[in-house]
Amino acid sequence: TFPVFYGGYQKFIGVPYAWADLETNTSAPPITYPGQVQEVCLAPDSDRVWAPPPPRLAAFKGVVSTPGTVVEAAWTFERKLPLDNQVLYARGPPVMLDRTLAQQFYQVANGDRDAVLIRGLYPRAWRLLGNGEPIANYSTDAMVDCELRLNGFGTPQPWWGARCGQVLAQVDANNYDMFVPCDSHGQGPELILVSAQVARGALASFSKFVGGLTGVYVVYVLAVGSFARQFTTNLTQHIPYMELPSTHRLVRLCEDIYAMRAAKEFALEERLYWLLIRIYRSPAVLFEFTRTTRGDAMPERPRLIGDRVVAGGRYGA
């Protein structure tokens, strides 16, 4: 391969006021907000000089002078979101040089001709998805024609230039009428990019913080899983301490501890505290300590006298 034109360092990216301003002669694509449609205009001059060594220059001239040689336009799209698909690659359809185009291309490389016109070099409109490769010819099947010329021929630092648009009428290889969309920005290569809608605002910030959609999914699963485990893990181990028949003795013991603290009987308070700890350390002692006054292990319920409910009194040890 012989790359000749590099662009992208000098560019203009704008948001058209309306789809009709792009003059595609097609209906507007479905979008949510205007910023999804962008028009990109590259500078007409290549970002790199073209100074191959003599052997490679001779090989280049031999290739472009051969009918059947293929010319392609390749694009690299860089964006901020989504984080897991920030760089996209796309290629235009291969354009095969016929005998006339091959001769004209050779003449340009040899300094005998100003420019060569390549018709249908790449699609004008592209759809950039969240995942997957760019989709060409989105909303319009318009192709871009480019006029390639070798500037500064015979100088130590020549460079290629590209004037791109759509040929409206062509008389011959040297006379044609071209519509240039980027006429106000140097007449260089132009693209229309229609981006898929991505999350913005707080969700986008959180997605960027955790590493994209995959990070959001992992954090969500971990958070929900941790929350669910709190209510489902080791439920049987909570039964001896949560499902007690009667807690009156425990409540009285705790009240006595607070009473001793208020009376500044700290030695007695400590003894009662360690008594409470020993009760909870032994499930068997806790079970006996929480029996009802009748010795039952069933939970206490309010007593019924006739049609009235009588609350149970305070049970002693």
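Guide: One definition to start: buried means under 20% relative accessible area, exposed means over 50%, and partly exposed lies in between. By that cut-off, both Cys41 and Cys182 are buried. Keep in mind that this is a predicted model.

Visitor: What share of the residues in the chain is buried?
Guide: The chain has 317 residues. They are arranged with eight helices and 15 strands. The buried share of the residues is 33%.

Visitor: Where is confidence lowest, by element?
Guide: The chain averages a pLDDT of 85, and 87% of the residues score at least 70. The highest mean, 96, belongs to strand E3 (residues 70-71). The lowest mean is 54, in strand E15 (residues 308-310).

Visitor: How many disulfides does the structure hold, and what is the pairing?
Guide: A disulfide is a covalent bond between the sulfur atoms of two cysteines. The structure holds two. With the bonded cysteines numbered in sequence order, the pairing is 1-4, 2-3.

Visitor: How many residues apart in sequence are the parts that Cys41 and Cys182 tie together?
Guide: A disulfide joins Cys41 to Cys182, with S to S at 2.0 Å. Cys41 lies in strand E2, and Cys182 lies in the loop between strand E12 (176-179) and E13. The pair therefore ties together parts whose separation in sequence is 141 residues.

Visitor: Is the disulfide of Cys41 and Cys182 left-handed or right-handed?
Guide: Look at the torsion about the S-S bond of Cys41 and Cys182. That torsion is about -80 degrees, so the disulfide is left-handed.

Visitor: And which strands does the disulfide of Cys146 and Cys164 tie together?
Guide: Here the S to S distance is 2.1 Å between Cys146 and Cys164. The torsion about this S-S bond is about 110 degrees, so the disulfide is right-handed. Cys146 and Cys164 are 18 residues apart in sequence, so the pair ties together parts in strand E10 (residues 143-151) and strand E11 (residues 159-170).

Visitor: Is Cys254 buried, partly exposed or exposed?
Guide: Both Cys146 and Cys164 are buried. Cys254 has a relative accessible area of 30%. Buried needs under 20% and exposed needs over 50%, so a value in between counts as partly exposed. Cys254 is partly exposed.

Visitor: What are the edge strands of the five-stranded open sheet?
Guide: The order of the sheet is E1-E2-E13-E8-E9, and the pairing is mixed. An edge strand pairs on one side only. The edges are strand E1 (11-14) and strand E9 (135-136).

Visitor: In E13, what is the bridge partner of Leu128?
Guide: E8 and E13 run parallel and are joined by four bridges. In strand E8 (residues 125-128), Ala125 and Arg127 point one way, Trp126 and Leu128 the other way, and all are buried. The bridge partner of Leu128 in E13 is Ser195.

Visitor: Which residue in the turn between E8 and E9 has a positive phi?
Guide: E8 and E9 pair in the antiparallel sense over two bridges. Trp126 has Ala136 as its bridge partner in E9. The two strands form a hairpin with six residues between them, and the positive phi, about 110 degrees, is at Gly132.

Visitor: How wide is the arc that the buried residues of H2 cover?
Guide: In helix H2 (residues 99-109), the buried residues are Leu101, Ala102, Gln104, Phe105, Val108 and Ala109. They sit on the same side of H2, because the arc they cover around the axis is only 165 degrees.

Visitor: What covers the buried residues of H2?
Guide: Both helix and strand elements take part. The cover includes helix H1 (54-64), E3, strand E7 (115-123), E10 and E11.

Visitor: Which backbone nitrogen does a side-chain oxygen of Asp98 reach at the start of H2?
Guide: Just after H2, Gly111 has a positive phi of about 85 degrees. At the start of H2, the side-chain oxygen of Asp98 comes to within 3.3 Å of the backbone nitrogen of Thr100.

Definitions and conventions: Residues are numbered from 1 along each chain as its sequence is written. This is a predicted model: local features need pLDDT of at least 70, side-chain atom pairs count only at pLDDT 80 or more; totals for chains, interfaces and linings use all residues. Side-chain values use heavy atoms; hydrogens and water are left out. pLDDT is the predictor's confidence in each residue, from 0 to 100. Two strands pair if DSSP finds at least two bridges between them. A disulfide is a pair of cysteine sulfur atoms within 2.5 Å. Buried means under 20% relative accessible area, exposed over 50%, partly exposed in between (1.4 Å probe, protein chains only). The arc is that of the directions from the helix axis to the C-beta atoms. Contact means heavy atoms within 4.5 Å. A polar contact is a pair of N or O atoms within 3.5 Å; within protein, one must be able to donate a hydrogen and the other to accept it, and residues adjacent in sequence count only if both atoms are side-chain atoms.
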